[in-house]
Amino acid sequence: MNNNYLTIYEVADALGLHHKTVRGFINSGKLKAMKVGKQWRIIKEDLDTFMGRDSSFEKEHKAETPNIDFINSEIQYTNKHVMDSHIKNKISISAVVDMQGVYKKNFERISNTLLAVMNSKDRKMNGATIHIKYDEVALVCKVFLWGSTEYINEMLSIITLLDKEV
């Protein structure tokens with residue numbers, strides 16, 4: 001098969017996620033995919049779009065981009081409060097935040113704070129998802145966010161404040 005098409009399992013391995021999480025992104029419409037027979041296929045460019053990356057830039061600068069395996073910590077949380085149909089969001093945004101030079105103590109503070117915000121009863125968090133990964137060796141924290149514009153704005157503001165405290 002063409003190398004441009006990825007299976008759910010290949011995408012899950014590349015993102016360090018469970019294949020059921022990738023299926024959830026497809027079923028919710030967050031990740032574009034197509035059925036080939038009974039199996040889903042994801043085009044690499046659609047994965048790049050989902051992750052907020054420019055695939056043409058990455059191809060040109062592949063040697064400059066380090067491949068980081070996130071080995072220590074992984075947290076995922078979805079706020080599944082039921083939303084009234086009249087306040088359902090028409091726009092959904094995904095964002096990836098890379099935080100460099102984050103020590104484990106700061107990672108724990110950041111992740112605990114973000115999860116506490118997700119647990120709030122604020123309607124901005126309805127239907128939103130956060131996925132946090134940490135590599136203790138490279139001191140890199142990645143935060144993946146999916147949700148409404150209000151949610152993304154709120155979470156980016158909090159992350160900015162937490163980053164200033166580091």
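The second largest cavity of this predicted model holds about 30 Å³ of space. A cavity here is a set of points, on a 1 Å grid over the protein atoms alone, where a 1.4 Å probe fits but cannot get out. Grid points are joined across faces, edges and corners, and a volume is the space filled by probe spheres set on the points. By this rule there are 2 cavities of 30 Å³ or more. The lining of the second largest cavity is made up of L15, L17, F25, F50, M51, H131, F144 and W146, where a lining residue has an atom within 4 Å of a point. Of these residues, 7 are nonpolar, 1 is polar and none is charged. In this division Ala, Val, Leu, Ile, Met, Phe, Trp, Tyr, Cys and Pro are nonpolar, Asp, Glu, Lys and Arg are charged, and the others, Gly among them, are polar.

Buried stands for under 20% relative accessible area, exposed for over 50%, and partly exposed for values in between, with a 1.4 Å probe and protein chains only. After α2 comes G29, with a positive phi near 85°.

The chain as a whole has 6 helices and 7 strands; these are DSSP runs numbered from the N terminus, with H or I over at least four residues for helices and E over at least two for strands. Their order along the sequence is β-α-α-β-β-α-α-β-β-α-β-β-α. Of the 166 residues, 36% count as buried. Contacts (heavy atoms within 4.5 Å) between residues at least 6 apart in sequence join residues at least 24 apart in 68% of cases.

Confidence is given by pLDDT, the predictor's score for each residue from 0 to 100. The chain has a mean pLDDT of 76, with 75% of its residues at 70 or more.

Residues are numbered from 1 along each chain as its sequence is written. In this predicted model local features need pLDDT of at least 70, side-chain atom pairs count only at pLDDT 80 or more, and totals for chains, interfaces and linings use all residues, while side-chain values use heavy atoms, with hydrogens and water left out.

Key: On a 1 Å grid over the protein atoms alone, a cavity is a set of points where a 1.4 Å probe fits but cannot get out, and a pocket is an open set with protein on both sides within 12 Å along at least five of seven lines; lining residues have an atom within 4 Å of a point.
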